[in-house]
Amino acid sequence: MAVILPLSKSPDSAPAKNVLGVAKLWADWVNGRGGVDGQRVVLQTYDSMGNPKLAGKFATRAVTKDGCAMLLGGYDSFDALAEIEVAHQYKVPMFVNYAWSSDVTKANYPEVVRIGPNNDMLPNAVAPFMKKRGYRKVAVMAEDTAFGQGLGEVVRLTAIKAGIDVNEQIFPRDTHDLRSTLKRILPGKPDAVVLAAADVAGRVALFLGITQARAAGYKGDIVLGWDYINDTFWKATGKHGVGVIWPTFSAPKLHLTAAGQTFKQVFTKKYKHEPQLYQAFTWDELNAWKWAVETAGSVAPADVISVLPRIDLQGTMGHITLSSKPGTVHFNQWEGVTVYFDQATKMGATDSNAKVLASIQGS
């Protein structure tokens, strides 16, 4: 089994090493119980360094020279997109670890499975959350980037479909003053303002949307497009950040199934601390490959790929089956991922101690 991760020279190196730790733990745990279909699991590890060309090169080497019958790769979406091309070319099963790009499963490659989040899940969870929250009028402030306008447009369309009145305004990504934009939305007295902007070094619009809205006297909800609650956020917003709502895939505490409790016990015994969300997904993906091998009665890639659409097992956080909608992101994708909407009830709050207002499951 090949494990291809950005283990060095990459912003994702620390979590990638945590993923590798789960893979090693799983291999030891499975081998101690007879292996996979009676065969011992051997890991081949490759460091992509966050370089898609290297990721693709190592995926090719793993398949053509090192005899790997399965690829566990990704974490970085660009790496994953290079690796799935190799998996598809050589027809080898690949499980994508926590790489969110919608294009991973939108490629509709029968070899590729994702049991974890994709980028479509976040914006599509916003409208159901707004309905639960009872919003009737919403203002969307979107920066003029692919991220901002893409997120803003999905929120606008899904909210309208849900019967919510939406006023969307686009602003320049590098703006240092949002008061003119706020003057176009606040007179309408929206129940919530959605900020479709990124927390990127040098760009302050995300924080201005909060501080200037509050300074203008807006008392409704402020909802962020993603989980940007960190030290930088609190330094920029101060007391104005209290009450802000954000979507996240992480909950203050993971809600685990019986299978998840087993994983937690094994993991905690080994590493002396509880696992994180993406580590639980890694465990699920490896068990899904094991299920496919044992269902096929063979480790041969062609035999395993033929049963991937039928994956059916108890995962760490829910029952795992895969969607199958050709031409969409919903292809060999588990839809049971939960999006949580957290609220900061005090300064300095994070995912670990926020108030969970709602949880929206699936796409």
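Biologist: How many aromatic pairs does a search of the whole structure find?
Modeller: This is a predicted model, in which local features need pLDDT of at least 70, side-chain atom pairs count only at pLDDT 80 or more, and totals for chains, interfaces and linings use all residues. Residues are numbered from 1 along each chain as its sequence is written, and side-chain values use heavy atoms, with hydrogens and water left out. Rings of Phe, Tyr and Trp (its six-membered ring) pair if their centres lie within 6.5 Å. Searching the whole structure this way gives 19 aromatic pairs.

Biologist: What kind of pair do the rings of Tyr98 and Trp100 make?
Modeller: Planes under 30 degrees apart count as stacked, over 60 as edge-to-face and the rest as tilted. The centres of the Tyr98 and Trp100 rings are 5.5 Å apart. Their planes meet at 80 degrees, so the pair is edge-to-face.

Biologist: Are Tyr98 and Trp100 buried or exposed?
Modeller: Buried means under 20% relative accessible area, exposed over 50%, and partly exposed in between (1.4 Å probe, protein chains only). On that scale, both Tyr98 and Trp100 are buried.

Biologist: Which residues form one aromatic cluster with Tyr98 and Trp100?
Modeller: The cluster holds Tyr98 and Trp100 themselves.

Biologist: Which hand has the β-α-β unit of E6, H6 and E7?
Modeller: With the strands pointing away from the viewer, a path from the first strand over the helix to the second that runs clockwise is right-handed. The unit made by E6, H6 and E7 is right-handed.

Biologist: Which residue in E15 is the bridge partner of Pro247?
Modeller: E10 and E15 pair in the antiparallel sense over 4 bridges. In E10 (residues 245-248), Ile245 and Pro247 point one way, while Trp246 and Thr248 point the other way, and all are buried. Across in E15, Pro247 has as its bridge partner Phe341.

Biologist: How far apart in space are Thr338 and Ala251?
Modeller: Thr338 sits in strand E15 (residues 338-343). Thr338 counts as buried because its relative accessibility is 17%. In sequence, Thr338 and Ala251 are 87 residues apart. In space, C-alpha to C-alpha, the distance between Thr338 and Ala251 is 9.1 Å.

Biologist: What is the phi of Lys272, which is not a glycine?
Modeller: Lys272 belongs to the loop between H10 and H11. Its relative accessible area is 67%, so Lys272 is exposed. The phi of Lys272 is positive, at about 65 degrees.

Biologist: Is Asn332 buried or exposed?
Modeller: Asn332 is another residue other than glycine with a positive phi, here near 50 degrees. Strand E14 (residues 331-333) contains Asn332. With a relative accessibility of 3%, Asn332 counts as buried.

Biologist: How far apart in space are Ala292 and Cys68?
Modeller: Helix H11 holds Ala292. Ala292 counts as buried because its relative accessibility is 0%. Ala292 and Cys68 lie 224 residues apart in sequence. From C-alpha to C-alpha, the distance between Ala292 and Cys68 is 16 Å.

Biologist: And how far apart in space are Val22 and Asp79?
Modeller: Val22 is part of helix H1 (residues 13-31). The relative accessible area of Val22 is 0%, so Val22 is buried. Val22 and Asp79 are 57 residues apart in sequence. Their C-alpha to C-alpha distance in space is 19 Å.

Methods. Helices (H or I, at least four residues) and strands (E, at least two) are DSSP runs, numbered from the N terminus. Two strands pair if DSSP finds at least two bridges between them.
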